[in-house]
Amino acid sequence: MAKSDIRLIIQGGALCAAFSFMALFIPILGAAVNYFALLPIFYVGICLGIRSYLLAISIPLLGSIVLLGPAGAGIFSITIFAPSIAILYWHFLKKKNAYEFSPTDILHLLSSRFLGLVSIVFGYLKLTNSHLFDLLAQKIEVINNLAKIPSSPSSLVDVLPGIFSFLWLLMVWLNFQMAYSVALKSNKSIRKPSIKQNIFLPPIWDIALVTSLWLIIANQLFIGSPIFGIFSRTALCICAFPLLIDGIEIAQLMARSFQLPRYATVIFMVLTFLLVWPMIFVVVLGLVEPLYGLKKKYYSKFN
């Protein structure tokens with residue numbers, strides 16, 4: 001292994017550890033950079049392969065054991081190690097000397113596997129009559145009373161898992177996309193984009209999103225189960241995530257088609273994530289894409 005590769009492995013692992021645990025020492029700065037903890041570790045894997053990635057991630061993994069103990073190491077493994085190794089595995093998987101999955105396929109795999117995992121967890125909590133969410137609601141109510149916040153604990157508990165799931169998926173995917181983009185621009189990526197790679201999401205996410213909406217309505221009108229209500233809202237947020245990413249790509253294609261300046265696209269993206277509500281418009285773009293073939297329409301203009 002070349003010295004430059006060893007240096008990149010050490011730097012990637014050290015940066016991942018610094019971004020992950022800086023909040024323990026510098027809370028404000030740590031909270032800002034923590035969202036990009038996966039970026040350096042993805043970059044190592046994309047440039048050098050999975051073996052180098054495993055060497056690099058051993059640095060923050062050991063750091064999590066030392067600083068946070070076994071429980072902290074478990075959380076690190078679930079939120080950082082598990083999604084990154086899965087994405088890199090799909091990224092490099094080959095079949096008949098050709099890469100099996102495009103980035104769009106990986107987006108679908110990440111979202112669908114996570115939705116399946118969440119469904120299993122909520123199913124287990126429902127079958128075992130777990131009081132986890134009741135306990136969480138009580139804790140939030142205590143905090144609200146102490147802070148004199150006039151909010152509804154039950155509604156907050158309903159939406160928090162979905163918000164956290166959405167933000168976590170967004171963090172993982174943006175870090176991967178940014179690392180892949182940087183690696184391609186620097187010509188260090190092992191895998192190059194293929195002309196024949198799939199660029200279309202399966203239309204199943206439209207069905208899943210609408211189904212989640214109906215589950216929310218059905219629970220409010222007929223079922224009245226707290227756990228089922230939380231699950232349906234969480235599923236809605238997870239299903240909206242791949243449609244959001246698809247909608248962002250369509251918005252970029254539209255801006256390119258109308259020859260809008262690059263800074264206008266950047267401003268739109270920044271406002272989308274800062275104001276949040278424009279995300280609904282972007283999700284709708286992804287939602288209607290299978291019906292109107294927006295991607296195919298705009299891609300045909302550039303080919």
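Is the crossing of H8 and H9 left-handed or right-handed? It is left-handed. This is a predicted model. The protein chain holds 12 helices and 2 strands. Of its 303 residues, 42% are buried.

**Overall layout**

- Along the sequence, the protein chain runs α-α-α-α-β-β-α-α-α-α-α-α-α-α.
- Take the contacts between residues at least 6 apart in sequence: 72% of them join residues at least 24 apart.

**H8 against H9**

- Two packed helices are described by the angle between their axes and the distance between the axes.
- Helix H8 covers residues 204–223, and helix H9 covers residues 226–257.
- Their axes come within 9 Å and cross at roughly 160°.
- H8 and H9 are therefore roughly antiparallel to each other, since angles over 145 degrees count that way.
- On the H8 side, the contact includes Trp 205, Leu 209, Leu 213, Ile 216 and Ile 223.
- On the H9 side, the contact includes Phe 228, Arg 233, Leu 236, Cys 239 and Leu 243.
- The residues of this contact of H8 with H9 divide into 14 nonpolar, 5 polar and 2 charged.

**H9 against H10**

- H9 also pairs with helix H10, residues 262–275: the axes come within 11 Å and cross at roughly 155°.
- That angle makes H9 roughly antiparallel to H10.
- The crossing of H9 and H10 is right-handed.
- H9 brings Ile 248, Ala 251, Gln 252 and Ala 255 to the meeting, and H10 brings Thr 265, Phe 268, Met 269 and Phe 273.
- The residues of the contact of H9 with H10 split into 6 nonpolar, 2 polar and no charged.

**The largest nonpolar core**

- This core has 67 residues.
- Phe 42, Ile 46, Ile 87, Trp 173, Phe 241 and Leu 244 touch the most other members.
- At least two core residues come from each of H1 (3–21), H3, H4, H5 (103–127), H7, H8, H9 and H11 (278–292).
- H9 gives the most to this core, with 14 residues.

**Helix H3 and Ile 46**

- Helix H3 spans residues 38–48 and is mostly covered, with 9 of its 11 residues buried.
- Among the buried residues of H3 are Leu 38, Phe 42, Tyr 43, Val 44 and Ile 46.
- Gly 49 follows H3, and its phi is positive, near 105°.
- Beyond residues up to four places away in sequence, Ile 46 touches residues including Leu 88, His 91, Phe 92, Phe 176 and Tyr 180.

- His 91 lies in helix H4, residues 50–92.
- Why does His 91 count as buried? Its relative accessibility is 1%, and buried means under 20%.
- Setting aside residues up to four places away in sequence, His 91 touches Ile 46, Tyr 99, Ile 106, Phe 176, Tyr 180 and Arg 191.
- Ser 165 sits in helix H7, residues 153–185.
- Ser 165 is buried too, with a relative accessible area of 8%.
- Which residues does Ser 165 contact, leaving aside neighbours within four places in sequence? They are Phe 114, Thr 234 and Ile 238.

Notes: Residues numbered from 1 in each chain as written. Predicted model: local features only at pLDDT ≥ 70, side-chain atom pairs only at ≥ 80, totals over all residues. Heavy atoms only, no water. Buried < 20%, exposed > 50% of the residue type's maximum accessible area, 1.4 Å probe, protein only. Helix = DSSP H or I, 4+ residues; strand = E, 2+ residues; numbered from the N terminus. Axes fitted to C-alpha atoms, helices over the stretch in contact; angles between N-to-C directions. Parallel < 35°, antiparallel > 145°, perpendicular 65-115°, else oblique. Left-handed = near helix turned anticlockwise from the far one by under 90°. Contact = heavy atoms within 4.5 Å. Nonpolar A, V, L, I, M, F, W, Y, C, P; charged D, E, K, R; others polar. Core = buried A, V, L, I, M, F, W, Y, C linked by side-chain atoms within 4.5 Å.
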